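Please have a look at the model below before the next discussion. My notes follow it, point by point.

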Amino acid sequence: MSPSTAQKFQKLCRILDEYHRQPARLVPILQAVQEEYRYLPEEVLTYVATALRVPPARVFGVATFYAHFALEPKGKHVIRLCDGTACHVKNSIPILEALRNRLGVDEEHKTTPDMMFTVETVACLGACGLAPVLVIDDEVHGQMDPERAVTLVDEILKKETVQ
Amino acid sequence: MNTAEAQIHDAMTATGTGRRVIVCAGTGCVANGSLRVFEALKREMPAVGLNVVLEFRPEPAGDSVRVSESGCQGFCQMGPLVTILPEGILYTKVKAEDVKEIVDSTLVNGKAIDRLLYLDPQTRKHCHGAADIPFYQRQSRMVLKECGFIDPEDLTEFIAHGGYESARKAYLEMDAPAICDLILKSGLRGRGGGGFPTGRKWEAARVQKSPKKYVICNGDEGDPGAFMDRSVMEGNPHSVLEGLMIAARAIGADEGYVYVRAEYPLAVRRMRKAVKDAVAKGILGDNVFGSGQKMWIDVMEGAGAFVCGEETAMIASIEGRRGMPAPKPPFPAQSGLWRKPTIINNVETLAQVGRILNYGAEAYRGVGTAGSPGTKTFALTGHVANTGLVEVPFGTTLREIVLNIGGGVTNDKGKIDKNGFKAVQIGGPSGGCLTPEHLDLPMDFDSLRSVGAMVGSGGLVAMNQRTCMVSVARFFMEFTQRESCGKCVLCREGTKQLLALLDDVIEGRATPDTLKLLETLGHAVQKGSLCGLGKTAPNPVLSTLRYFRDEYEDHVIHKRCRAGRCKALLRPEINPLKCKGCGLCMKACAVGAITGERKKPHSINPDLCIKCGACAKACNLAAVEGI
């Protein structure tokens, strides 16, 4: 076990203790675990099940039910395009298409092979007054259009290459 | 005094005579950079010798200026918003670079800066502040009254505005039957969608003989296009807690949950802080207001499932299971969380409760209609000049909300179009469409239901003539299909088939039978589903079929989308009578589908064309038609 894996495992145990290993707190436990690992690795889910004394199927069932849980690792930069009603009628889809074209991702493969970007849609961020809305790494950008969205991505790419 | 003036008056009386600068820190304004404005104010004001105070003080020093953040002020499109009191000036679209001028001109020399004032597009006049802006003038803000004036993270300020007085009264002066009776008499109906009388729900839980009961605040505002609850939780979190405490007292519960959608991180943070502060002040805890009674509240973050807005699914989610609904009865009021009597109320419903205890049932009934008393907040979005949060009495007409408060429908370029109004989608994926014939319909629970729509949570999405109603129906169907939990066959499979049928319509494969099948299947899904999600999922399709049947028939019979949105049906052509052969379209075309000689009409090769619309955008003569 590498030192960082060991550290993360300790953190996992701390999370479980914090919620007193109660199966009722499964959702917040998984949220905290995902915060730590950035996704929910299969072996971690199995360990959570053992620690909570519930069948792994129950933990997998919950992890796959809610949209916020990711069973695959996400890219370094997560781009979320709001496709709520207000954003949709203000043409959010062309923005999605432009981003996917630029980064070579699609509905199936949301993350770029170099693990740099993940492009996904969300139901509604509740910032409808600014529609269409794009969120890059938790920063909200309002009144988007395809050209500006691609420019934002290009800026990140530029910074990454410099580094 | 109109409501906007009254609000300023209230804000001033409760905060003494001190001067105030309020920066909106709702999600919309923060996204536009309001926090940078706030930081710049904190930096620039002391630089010119102003005595800046950040926290609320009951008796401010004479020369001090209080600078604070507020929750959503509702006028999201114009953000970041900065309000200056006592002048009542409202600056819109403020940038950090404007702050120096605001400090020098307005705060030091008392002069308003015209370019930052709201320009009324109809009168072309600058509006000095909220009191002159039609968007605010025509609203009557009750639930949102303090949102936008008080600092949501400052408990002392909430208390100075009379906060927690009602909860104190409920715990120290009233008994449970009296509270239930009062809420019943007020006629308060649940704002989450169904409009069930809140008092009856509470009474049903109160009469249960159980030593343990729960209350839950439903902040899982999942309807795309709705953000009323988010704004209340962000702007006035304590008002929600107060409502939940009163609900607990009314049914005899000592534990409560606030279930907030995970997409609302700011609301989660503010609700958590509110709970912490209330516990520290002895408002929540083992001895509420010294009454000897217990009340604890926990804030739980959802994990992204629309169906969790359904009561029984939310209970399953809090219990750490997949959020799948259960059959009713037993109703949660009889057997809910951990099989104990539980009531679940929506954020906006709870935010009204304190006010009812304060002013009485009679006064509450004085607003709104006989069947739907009180006010309702709507999230007005889409193709409308003023998007934002609107609170009006029940019974207000659609015309007033969309055309007057909303300032009219806009075209694709954002300009007001007098004949642009096509439809309003109300109630999100569970709701229906309202058309120009409904403009004078009073908006309340019962009259909306009579035309096949519902108040729902209150999302109002205005749509202009360039919106394809079949695509709108498809959009909602895709949403409900994705969010169906899979328990009921008719919802799980039916929504999938409805979506496939709509795709047939949009992609030109449909026959007249498709429309009949859509209706039959839609009704079947309504009947064969357990919870509200399935029961209402076909509404957008059925309602658009009812009011825009000709548009569906256009797609099916003539293979044409008159809004020009359905790509498969587009046949872009250059009108030779309009084309002057300038070559702009040829340059814009990325795939080389346009050919033609200079100064002679060009043409599009349909085999190469990808229907992107770039040519139509580039043409100054509108010669590209059919896209």
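This is a predicted model: local features need pLDDT of at least 70, side-chain atom pairs count only at pLDDT 80 or more; totals for chains, interfaces and linings use all residues.

1. Local features are reported only where pLDDT is at least 70. Side-chain atom pairs count only at pLDDT 80 or more. Totals for chains, interfaces and linings use all residues.

2. Chain A, overall. Chain A has seven helices and four strands. Along the sequence they come in the order α-α-α-α-β-α-α-β-β-β-α. The C-alpha trace of chain A spans about 50 × 40 × 25 Å along its principal axes. Of the 163 residues in chain A, 51% are buried. Take the contacts in chain A between residues at least 6 apart in sequence: 63% of these join residues at least 24 apart.

3. Extent of the interface. How many residues of chain B are in contact with chain A? The number is 45 on chain B, and they meet 34 residues of chain A. The area buried between the two chains is about 3,200 Å². Carbon and sulfur atoms give 59% of that area. On the side of chain B, A303(B), R322(B) and F475(B) lose the most area to chain A. Together these three residues account for 19% of what that side buries.

4. Between chain B and chain A the count is one salt bridge. R25(A) and D298(B) form a salt bridge, with the closest N and O atoms 3.5 Å apart.

5. Which parts of chain B face chain A. Several elements of chain B give two or more residues to the side that touches chain A. The helices are helix 2 (27-31), helix 13 (311-318) and helix 17 (469-483). The strands are strand 10 (296-301), strand 12 (375-382) and strand 16 (459-464). By class, this side of chain B has 21 nonpolar, 14 polar and 10 charged residues.

6. Strand 12 of chain B. Is this strand mostly covered or mostly open, and how many of its residues are buried? Strand 12 of chain B is mostly covered, with eight of its eight residues buried. Strand 12 pairs with strand 13 (residues 388-393) of chain B in the antiparallel sense, over six bridges. In that pairing K376(B) stands opposite V392(B). A hairpin through five residues joins strand 12 to strand 13 of chain B. Strand 12 also runs parallel to strand 16 of chain B, and four bridges join them. Here T381(B) stands opposite V461(B) of strand 16.

7. Helix 4 of chain B. Helix 4 covers residues 99-108 of chain B. Its buried residues are V99(B), I102(B), V103(B), S105(B), T106(B) and L107(B). What do these buried residues of helix 4 pack against? They pack against strand 1 (19-24), helix 3 (34-47), strand 4 (82-85) and strand 5 (89-91) of chain B. After helix 4 comes G110(B), with a positive phi near 70 degrees.

8. Salt bridges, total and one pair in chain A. Side chains of opposite charge can pair when their charged atoms come close. Over all chains, the search finds 52 salt bridges. In chain A, E107(A) and K110(A) meet in a salt bridge at 3.8 Å, N to O. K110(A) is partly exposed, at 29% relative accessible area.

9. A buried pair in chain B. D154(B) and R66(B) meet in a salt bridge at 4.0 Å, N to O. D154(B) lies in the loop between helix 5 (134-137) and helix 6 (155-160) of chain B, and R66(B) in strand 3 (residues 64-70), so the pair ties together parts 88 residues apart in sequence. D154(B) and R66(B) are both buried. A network of salt bridges links R20(B), R66(B), D154(B) and E157(B).

10. E625(B) and K578(B) form a salt bridge, with the closest N and O atoms 3.2 Å apart. E625(B) sits in strand 20 (residues 624-625) of chain B. K578(B) sits in the loop between strand 17 (573-574) and helix 23 (584-588) of chain B. The pair links distant parts of the chain, 47 residues apart. E625(B) counts as partly exposed at 34% relative accessibility, and K578(B) counts as partly exposed at 35%.

Conventions: Residues are numbered from 1 along each chain as its sequence is written. Chains are lettered from A and ligands numbered from 1 in the order in which they are written. Side-chain values use heavy atoms; hydrogens and water are left out. Contact means heavy atoms within 4.5 Å. Buried area is the accessible area (1.4 Å probe) that two parts lose on being put together, summed over both. A salt bridge is a side-chain nitrogen of Lys or Arg within 4 Å of a carboxyl oxygen of Asp or Glu. Ala, Val, Leu, Ile, Met, Phe, Trp, Tyr, Cys and Pro count as nonpolar, Asp, Glu, Lys and Arg as charged, and the others, Gly among them, as polar. Buried means under 20% relative accessible area, exposed over 50%, partly exposed in between (1.4 Å probe, protein chains only). Two strands pair if DSSP finds at least two bridges between them.
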